[in-house]
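Work through the following exercises with the sequence and the structure at hand. Each task is followed by a solution in steps.

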Amino acid sequence: MEDHLHKRDHAGVQDFVLLEDYRNPEAFLDNLKKRFHEDLIYTYIGPVLVSINPYHELDIYNHDVIHSYKNVNFYELPPHVFAIADSSYRNMRGESRDQCILISGESGSGKTEASKKILLYIAASSTHSRDVERVKDRLLESNPLLEAFGNAKTTRNDNSSRFGKYMDIQFDYKGAPVGGHILNYLLEKSRVVHQAPGERNFHVFYQLLVGAAPLTLKQLHLDAGPEKYFYLNQGEDNSLQTMGDQANWRAVQHSLDVLDFSQEQQKALFSIVGSVLHLGNVKFDSDEKSDMARVTNPEIVATIAELLGCSEKMLLSALQHRTIEANNEKMKSPLTVDQALYARDALAKGIYDRLFTWIVHKVNSSLSNRCKHRCNLMGLLDIYGFEIFQVNCFEQFCINYCNEKLQQLFIELTLKSEQEEYQKEGIQWEPVEYFNNKIICDLIEAKPLGIISVLDEECLRPGDTTDMTFLSKLVTTIGKHPHFISHSVADTSTRKTIQRDEFRLLHYAGDVTYNIKGFLDKNNDLLFRDLKETMTESKNPITSECFTKEELNSKKRPDTAATQFKTSLAQLMVILMSKEPAYVRCIKPNDYKRAGQFDERIIHHQVKYLGLMENLRVRRAGFAYRRPYELFLKRYKSLCPATWPHYSGSARDGVHALVSHLGYGDDDYRIGKTKIFIRFPRVLFATEDAFQKRKHELATQIQAKYRCFHQRKKYLRMRISAILIQCHWRRVLAQRLLKRRRWAAGIVRKFVKGFKYRNEPECDENREFVKFTKMNWLQRLAVAAPKSILDKSWIVAPRLLQETSGLLQKLNTKNLVLRYVKKTSPAQKIQMQQKVVAERLFKGKKDVYISSVKDHFVDSRIAVHHESLKNQLLRQVNETVKYCIYVTKYDRHGYKSRKRVLFLTDTTLYVVEEKEFKIKDRVPYDLISSIQTSSLMDGLFVVVVTSKEENGSKEDQKQIERGDIILQSDHIIETLTRFTMIANKENVLKIATGGTINHDLTSGKQGCIEFIKGDNYLVKKGKNGQLLVVDGSSSNALIGSELGMMTDRTI
């Protein structure tokens, strides 16, 4: 992490703990904004990860990134959700402690994506075997299936989780996933029958209609258009911007296969989904004489009965009648149209809710752990975020209650427990004020005056109870509570914002106004007994499991929806409290799901209710690491000779000795009553790195002892065997040596004879020698042959290969020349042509030529910021520029230097002002009679302007009257060479060897330029009024391409 601190001004700090002004929320937001605009969506607050939704894909989750975060210290790499996953995974493996990762934030902040990335990392980083891969696949494939049935599009999120999910992943002692278990909470089943404008029903309905094969749709009696179904067309928007229903349908099909759903179960599953769609299209009316409801399209009821495998007659009767029991007598009562619609919707919600629960149980069965050994657990909580809609109903009340409980857990496990632990351990602590939302949780769940208790009481109370009586009861019981407001108890200004059928709770995340319409019905969650009896007779294997006859026979009244949710939340809190938590706090940057848009008002609100500032103050005031003395000493005692291998004193004294040996500073740690506290992560990392290194040393010592014993034993066996083998082997070696020596003597004799007859014609005596001589020379030639056309060396050939050597040398030279020619590019050829011209013009004539040879000639030497001015000039003169360079012009009135730019076009030489590119001199090449320069190291040259025609243009005559042009170029060889080639006038170049150049001034006057050698390059007006040029050739400080001249122009 320290490697990236130099980027903090541009991209912020990677850990908010490193902020200088850490108490200022504006500094917090500014750091978050800097990182967001650089697509750095993750930032730490100590061990807490803050994640901001980018609303577009980032390439930071590939295999290489996963591999880089494996087994790396938490702060060693930039913040990432993979770092949280790796830290929890390693803590679970290394210390055998159950872990949980709590992902929280508003709807649309990216919680579901974060949970999927954590599962992806765990699957990729754990061990691999056939059984382990099976479990990994099922863990990953559970997501598409549950998202299809439990997620939906809302106005804030295209893939909003409309249920809560807690997943426990089970690991064996090797850290391999061996099973899992999922708990689901409060599916928003009202979405099955109603959606707000701009929202959709659950994804699976649209995926089925868009992705299923025509034969499947025909079997389910469905059409492909979602707008044909009442349960799908209320939101008036069936499209998704960030997801594809057809691709997701294929993913669901694959998930069902991986999770062991049989073909029969899949058929039954989608039959239920289809039946729910058909239920929405069942219509009722009543005759004029009575209010009895009557189904107007019984053919749809027949289709539903076919799909659910139940009696059409029973289903039709249950949709139109209700059995009432009075005085131990049962009688059927007809339903009104409103009651029939309620019964229809209640059946659709009940079927879908129980189907979803069945799917979760089936997934759990597929993920069940077959291992009998003890397993470690890693929990992953992905639950709906805090919601504030235009109209907030019973579902939002339950969802926000859940978020209150999670915030309370966060307070208890981080802020409150942090302070209490320091106080308990006797560590000096800087108190941090925070809002404890227990008062809101008690307002909702306390007995007997909590909102849930009042709601249950009103549901169970006999008599005419309505949503308004429930609101009146709330006003009576908790109307004076500081976090409760209704129309009747609000002040005058607040009353204008609350309707008479609404109440407002002041949540930790903000004020939410709830409309009480439907609170009692949704809490009762009643499904008429006639419909339950019909479902128990279903031949559909899933429906028959979801609706059991035992449920009908039970006399116990089921708990209300709010009480069930409250109980499951309490159980979830117990589960989370039993594990070591890690936190991912998700933030959405704007309400419009747009990439790159950072809304500070919305983000400031989320930072506030997520308690991030309080958490930051706690981290800055506290210590990054703490462990009981026994555990710390047990882990790190090997680092100190006084504590290794056993320490006889108390654990506290042992830790004292250990930290003293490790050289901890006085401010690096504190000693509590039962624990050691380490303030800085770097201190802990240094200790851990030393421990990892020490483990290798200890392992090496153990290996050395064992290897010594093992090798000694092996050595004694091998020694006996070696003695026996040596006896026989030495005889074999002696025989082989004799054979080799005889063969070698024959070869030596043959070559001695060959050497003697080497100059004779080829015969039996010298044939082998001659053959060897040729081969040896060719091998040496292959290594030593010239590799460059400039290399003229050639190894000496024996006398019998003299002719061959000459032919090969010519062939090699020809081949090198051909290769060099083929490698030469058109640009290099042009360079060579220019260099050849420069050599012809200047070699041996001007001293500065030698230093110009190594540099390439270029077409332009002007800076980038002058390109626009150059283009303007081109449009003005309407010519093609062949060459341009910065020059210094010495005027005809006192030789004052002027910064100019020289342009060479096809026909004309231009000298323009450097600042605005205003043309100062325009000289057609026909007017240039010569260009004169000295033979020294200077860069000065004179353009002599005359006219051969008496009747030239006025502009030409004016230019001639102004006299010759005196220019200085830092690249004079390049400049003059390019001029002669562009103007095709090599003969105009004159090199003055006499030390002076005469030139014309304005109005026909004459001037003289004197050139001398000296230590430093200098151009100035001499005492005699003439221009004096000192070439600086005596100085050893000449640098640059041609001259040692400095320029203040930036290229």
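Two strands are said to pair if DSSP finds at least two bridges between them. Helices (H or I, at least four residues) and strands (E, at least two) are DSSP runs, numbered from the N terminus. The model is a predicted one, in which local features need pLDDT of at least 70 and side-chain atom pairs count only at pLDDT 80 or more, while totals for chains, interfaces and linings use all residues. Residues are numbered from 1 along each chain as its sequence is written, and side-chain values use heavy atoms, with hydrogens and water left out.

**Exercise 1.** Determine in which order the three strands of the open sheet stand, and which strands stand at its edges.

*Solution.* Step 1: the order is β13-β14-β15, with antiparallel pairing. Step 2: β13 (484-486) and β15 (510-515) each have a single partner strand, so one side of each is left without a neighbour in the sheet; these two are the edge strands. Step 3: on average, neighbouring strands of this sheet are turned by 25° against each other, direction ignored.

**Exercise 2.** Describe the pairing of β14 with β15.

*Solution.* Step 1: strand β14 (residues 502-507) pairs with β15 in the antiparallel sense over six bridges. Step 2: F503 has Y514 in β15 as its bridge partner. Step 3: in general, strands of a sheet pair through backbone hydrogen bonds.

**Exercise 3.** State how helix α7 and helix α10 are oriented to each other, and which residues meet.

*Solution.* Step 1: axes are lines fitted to C-alpha atoms, for helices over the stretch in contact, and angles run from 0 to 180 degrees between N-to-C directions. Step 2: the axes of α7 (residues 203-211) and α10 (residues 263-280) come within 11 Å and cross at roughly 100°. Step 3: angles of 65 to 115 degrees count as roughly perpendicular, and α7 and α10 are therefore roughly perpendicular to each other. Step 4: with contact meaning heavy atoms within 4.5 Å, V204, F205, L208 and L209 in α7 meet F270, V273, V276 and L277 in α10.

Notes:
Parallel < 35°, antiparallel > 145°, perpendicular 65-115°, else oblique.
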